[in-house]
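Student: I have a protein model open and I would like to go through it with you, starting with how we describe the surroundings of a residue. Could you begin with the terms?

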Amino acid sequence: MPHAPRLQFSLLEESDARFILELVNEPGWLRHIGDRNIHDLVAAAGYISKGPAASHAKHGFGLDRVSLASTGEPLGICGLLQREYLDAPDIGYAFLQAHAGRGFASEAAQAVVDHARQNLSLRKLYALTSPDNLASMRVLEKCGFVFVKLLKSPADVAPSRLFQIVF
């Protein structure tokens, strides 16, 4: 698991369904990531089992719950995803709007980058952002990612900005 001073990373579990339901319906998620049609606790639990939990089982990594180390309060999610159209994992993160502007996304993303390099021995990582997600781009640049190109994935309507970091 990644490690950061103020943060605690843990596997997402079915008991996190209420938190995930809130997160995936936040305005920032809907605008920059998209509506995943998760509107009840059953769908949120399904998202966890078919997404992050399945990724951990298949790849040994996935999106993790990020909580405040001092209280255990869930702040967001951060981790690695393996998309079939990319030749290396990409980093993903999303945080509750109530915790924006406090450096949690940068701290969590840097911890995941460090973990990928040091513990998973990965040679490179990607990151995808919507073209207008300036806050996310700042997080990526702080972590050492550089913009590569606009990329239209098979599932997306509009292109995303593709970033990369090579170790």
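Tutor: We call a residue buried when its relative accessible area is under 20%, exposed when it is over 50%, and partly exposed in between, using a 1.4 Å probe and protein chains only. This is a predicted model, so local features need pLDDT of at least 70 and side-chain atom pairs count only at pLDDT 80 or more, while totals for chains, interfaces and linings use all residues. Residues are numbered from 1 along each chain as its sequence is written, and side-chain values use heavy atoms, with hydrogens and water left out.

Student: Okay, where does R83 lie?

Tutor: R83 lies in the loop between β3 and β4, where strands (E, at least two residues) and helices (H or I, at least four) are DSSP runs numbered from the N terminus. With a relative accessibility of 27%, R83 counts as partly exposed.

Student: And which residues is R83 in contact with?

Tutor: If we leave aside neighbours within four places in sequence, R83 is in contact with D90 and L128, contact meaning heavy atoms within 4.5 Å. The side chains of R83 and D90 are also joined by a polar contact of 2.9 Å. A polar contact is a pair of N or O atoms within 3.5 Å; within protein, one must be able to donate a hydrogen and the other to accept it, and residues adjacent in sequence count only if both atoms are side-chain atoms.

Student: Switching topic, how many salt bridges does the structure hold?

Tutor: The structure holds six salt bridges, each being a side-chain nitrogen of Lys or Arg within 4 Å of a carboxyl oxygen of Asp or Glu. In one of them E107 pairs with R6, and the closest N and O atoms are 2.7 Å apart. E107 belongs to helix α5 (residues 104-118) and R6 to the segment before β1 (7-11), so this pair ties together parts that are 101 residues apart in sequence.

Student: Are those two buried or exposed, or something in between?

Tutor: E107 is buried, at 18% relative accessible area, whereas R6 is partly exposed, at 36%.

Student: What about K124 and D87?

Tutor: Their side chains meet in a salt bridge as well, at 3.2 Å from N to O. K124 lies in strand β5 (residues 124-129) and D87 in the loop between β3 (74-81) and β4 (90-95), so the pair ties together parts that are 37 residues apart in sequence. K124 is partly exposed, with a relative accessible area of 23%, while D87, with 59%, is exposed.

Student: And where do D114 and R117 lie?

Tutor: Both of them lie in helix α5, three residues apart, which is about one turn of the helix, and their side chains meet in a salt bridge of 3.7 Å, N to O.

Student: New topic: at what angle do α3 and α4 pack?

Tutor: Helix α3 (residues 41-50) and helix α4 (residues 52-59) pack at an angle of about 10°, and their axes are 3 Å apart. The axes are lines fitted to C-alpha atoms, for helices over the stretch in contact, and the angles run from 0 to 180 degrees between N-to-C directions. The two helices α3 and α4 are therefore roughly parallel to each other, since angles under 35 degrees count as roughly parallel, over 145 as roughly antiparallel, 65 to 115 as roughly perpendicular and the rest as oblique.

Student: Which residues make that contact?

Tutor: On α3 the contact is made by Y47, I48, S49 and K50, and on α4 by P52, A53 and A54.
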